[in-house]
Amino acid sequence: MSSDQQRPDDTHSAPADDAHNAFITESTVEGDREGPLADKTVAIKDNISTEGVRTTCGSAMLTDYVPPYNATVVDRVLDAGATLNGKTNMDEFGMGGTTETSAFGPVANPVDTDHVPGGSSGGSAAAVAAGDADLALGTDTGGSVRNPAAFCGVVGIKPTYGLVSRYGIVAYANSLEQVGPLATTVEDAALLLDVIAGPDDRDATTNDGGEGSAYATAADGDVDGLTVGVITDLIEGADDDVVGVFQESLDELESQGAEITEVSLDSLEHAVQAYYVIAMSEASSNLARFDGVRYGPEGDREGNWNDAFAAVREKGFGPEVKRRILLGTYALSAGYHDKYYKKAQDARAWVKQDFDAAFAEVDVLASPTMPVTPPALGESLDDPLQLYLMDANTVPVNLANLPAISVPAGDVDGLPVGLQLIGPKFGEETIIRAASAVEA
Amino acid sequence: MSESPVDPEEVRHVADLARVDLADEEVAEFTDQFADILDYFEALDEVPEVDSEPDLVNVMRADEVHDGLTQEEALSNAPETEDGFFKGPTVS
């Protein structure tokens, strides 16, 4: 079923015409040719397992890893008739917001090739923006679908936790991550969500909360009477130009009959800290499996078990992955667990409560997806903390397990700005409807 | 550690716990960066204790045997195998 064109000794076998380095591996896998995605090509983020097609997670650790099975979302996309046309570049193990931490080199933003495409699903967003794939799958742990969608001027959806199976996703932070669709239109992204959503007995965290939904049908642009709450806490840290474009998109919603109000969520001041403590802690545990025994590069078998593991992990992981594993190990270590991890869990519960209270008043919440426009290539990696702060508007949604969509809102000097619309649990139809009114 | 500046020995200790060798330059770089990042995490001290009652329920299912990976498939990505087993480094 696979006509995989990778060469095992080639660390980078992207399509010859892959001008943006959006793909790590070119591979065509034909689906059933019948179904809702029959005439569509779908690019798959390279942390989503594809049977017989290598799945690198953007890491030297998995350069030659070939999964013996498909992720559930891949089976569903193939069953829906789509053709898979490649595995997309990403920040290593999803750890980054620019796709510059990939071991396979950075991705250029198709809108302006001097700029990053965002991340970590930067290859998926760039492939869709450049027309190299009709649709793409990404994963969103703290914004990794919405961020690159915003930066590349396309649509991205982070589903409610539990709507989409994570079976076959290489885990980074399981309690936060979901697979999400990217496309050039809200309706197309919603169509792909229709295909991948639904319970899976191989992922016990999935449930039937989305039962009876029809996401593509919801993209009807009808926002008459919808109440939209602007999260003022997420405006304060954003660039003025970005806020200006955001405001124009709200005006557009208002002109179509939506009611715009303001809300403030005090807990969000602690969301980025809480997110990073939880994500790093989960990562330190999840990435313990990469020891060079079951997969990964062959280590130096001199010395004992622990020395051999430490040597393989030094060689296989890039700096950002090491940083997060070490900080996660630290946050969970004796004497610091209560100070960091337990407090982060408190903050997470607080964020959830704040969102619940807000949704008692409004139908959807709104913010700029990213507080800035895409940075220039090469300017971000020196200061990890500054990069983490760039996630301020996207991580609250993951902490609260909620659905959110990023839809193009306009641009600042040619660089795309995304509007983020957040819904209550399993409120995907509502945010899809609202987003479709903005794209016009 | 976060009340005082992070020192290189602590970075080495955590790296040892996490089984990640670090070059000296990496230790130096991480020492500086961890000080900044942990200082930023300090704000979590302000978070009140939150009573949360997560709506968790046990999800039960029958314990049925399904097909899994074959032994060959399970071993297919291992750098070294012997007699149908993964081969790891020496336990000493």
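User: What makes the figure of about 4700 Å² the area buried between chain B and chain A?

Analyst: Buried area is the accessible area (1.4 Å probe) that two parts lose on being put together, summed over both. For chain B and chain A that loss is about 4700 Å², and carbon and sulfur atoms give 64% of it. In chain B, the residues that lose the most area to chain A are B:Tyr40, B:Leu44 and B:Asn77, together 15% of what that side buries. This is a predicted model, in which local features need pLDDT of at least 70 and side-chain atom pairs count only at pLDDT 80 or more, while totals for chains, interfaces and linings use all residues. Residues are numbered from 1 along each chain as its sequence is written, chains are lettered from A and ligands numbered from 1 in the order in which they are written, and side-chain values use heavy atoms, with hydrogens and water left out.

User: How many residues of chain B and chain A are in contact?

Analyst: Contact means heavy atoms within 4.5 Å. By that rule 48 residues of chain B touch 56 residues of chain A.

User: Why is the pair A:Arg323 and B:Glu29 called a salt bridge?

Analyst: A salt bridge needs a side-chain nitrogen of Lys or Arg within 4 Å of a carboxyl oxygen of Asp or Glu. The closest N and O atoms of A:Arg323 and B:Glu29 are 3.7 Å apart, so the pair qualifies.

User: What makes β11 and β12 of chain A partners of β13(A)?

Analyst: Two strands pair if DSSP finds at least two bridges between them. β11(A) has 4 bridges to β13(A) and β12(A) has 8, so both meet the rule. Each pair runs antiparallel. A:Pro368 has A:Leu419 as its bridge partner, and A:Ala404 stands opposite A:Ile422.

User: Where does pLDDT stay under 50 in chain A?

Analyst: pLDDT is the predictor's confidence in each residue, from 0 to 100. The value stays under 50 over residues 1-13, whereas chain A averages 94.

Definitions and conventions: Helices (H or I, at least four residues) and strands (E, at least two) are DSSP runs, numbered from the N terminus.
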